[in-house]
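Subject: Structure handover

Hello,

The structure you asked about is below. My notes follow it.

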Amino acid sequence: MCSEGCPLAPLLFVVLMDALHDGLERNPFTGEQAGLELKLASGARCGLQIASLGYADDTNVLASSLASLRILNDWVHYFLRFNALRLNHSKCELVGRGPDGMPVTAAAIAAAGITIEGHAIVPVDHCTPIRYLGVHCRFDGDWSGQHAKSTAMIQLFVRAISKFQLSVQQAAYMFSVFLLPKLELALRYITGPQVNAWIHGYDAALVGSIKHIIASPLSLSRSAVA
């Protein structure tokens with residue numbers, strides 16, 4: 001038996017999750033394929049679809065319709081029951097649009113027979129961010145939630161540098177090793193006309209903390225500080 005801390009545990013987990021995702025791609029009993037159908041820029045179908053995304057223990061299930069989602073959801077529950085596992089319904093989120101382009105409703109989800117361990121699912125509002133792999137994204141394309149999180153994180157580091165009176169070298173190390181990797185993933189995906197202004201604001205906060213450390217009477221540019 002593999003106990004907690006066993007070096008084989010990650011490998012065994014991957015073996016288990018690989019079977020889950022294989023079944024999502026194609027049901028091994030019925031041969032059904034249900035997922036998010038990809039389309040070309042012209043709107044024509046390209047014959048490809050994505051049923052799931054997985055990273056460690058985070059799993060996303062994607063579908064083009066509630067009927068397809070029902071098929072995928074049924075497979076997940078069968079797989080978990082077979083392996084003596086259960087879903088935590090309080091940690092499951094569903095967000096999407098109906099055929100009319102409007103946000104999918106709890107009534108439509110219930111009518112499609114989609115539940116989590118017998119619990120009804122309340123869809124997430126499109127103006128409410130969901131967190132996936134550390135990125136706070138919204139279905140309406142607004143990134144203000146992620147901006148607020150990134151700003152709070154930067155301010156946390158800036159305050160720590162000022163409070164503990166770190167040197168320039170120590171501050172640069174903290175920014176490079178601990179802060180920037182946390183910001184990188186979010187900055188890779190956020191889009192919109194306001195993003196440049198947000199990034200200038202991040203730069204100003206970081207540059208301002210360096211200026212405070214060196215107590216320079218001169219007005220230094222970002223390139224000079226770099």
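Which residues does Gln146 touch, not counting residues up to four places away in sequence? They are Gly134, Val135, His136, Ala186 and Ile190, where contact means heavy atoms within 4.5 Å.

Before the rest, some ground rules. This is a predicted model, in which local features need pLDDT of at least 70 and side-chain atom pairs count only at pLDDT 80 or more, while totals for chains, interfaces and linings use all residues. Residues are numbered from 1 along each chain as its sequence is written, and side-chain values use heavy atoms, with hydrogens and water left out.

Gln146 sits in helix α4, residues 144–163. Helices (H or I, at least four residues) and strands (E, at least two) are DSSP runs, numbered from the N terminus. With a relative accessible area of 5%, Gln146 is buried; buried means under 20%, exposed over 50%, and partly exposed in between, using a 1.4 Å probe and protein chains only. A polar atom of the Gln146 side chain lies 2.7 Å from the backbone nitrogen of His136.

Helix α4 packs against α5 at an angle of about 175°, and their axes are 11 Å apart. Axes are lines fitted to C-alpha atoms, for helices over the stretch in contact, and the angles run from 0 to 180 degrees between N-to-C directions. The two helices α4 and α5 are therefore roughly antiparallel, the term for angles over 145 degrees. On the α4 side, the residues that meet α5 include Gln146, Ser150 and Met153; on the α5 side, Ala171, Met174 and Ala186 are among them.

The largest nonpolar core has 19 residues, and those with the most contacts inside it are Ile154, Ile161, Phe175, Leu179, Trp198 and Leu206. Such a core is a set of buried Ala, Val, Leu, Ile, Met, Phe, Trp, Tyr and Cys residues joined through side-chain atoms within 4.5 Å. The elements giving two or more residues to this core are α4, α5 (168–189) and α6 (195–214). Its largest share, six residues, comes from α6. A second, separate core of 10 residues includes Met17, Ala34, Leu72 and Trp75.

Two loop residues have a positive phi. Glu117, between α3 (106–111) and β5 (130–132), has a phi near 50° and is partly exposed at 24% relative accessibility. Leu133, between β5 and β6 (135–137), has a phi near 55° and is partly exposed, with a relative accessible area of 33%.

Regards

Notes. Polar contact = N/O pair within 3.5 Å; in protein donor to acceptor, adjacent residues only side chain to side chain. Parallel < 35°, antiparallel > 145°, perpendicular 65-115°, else oblique.
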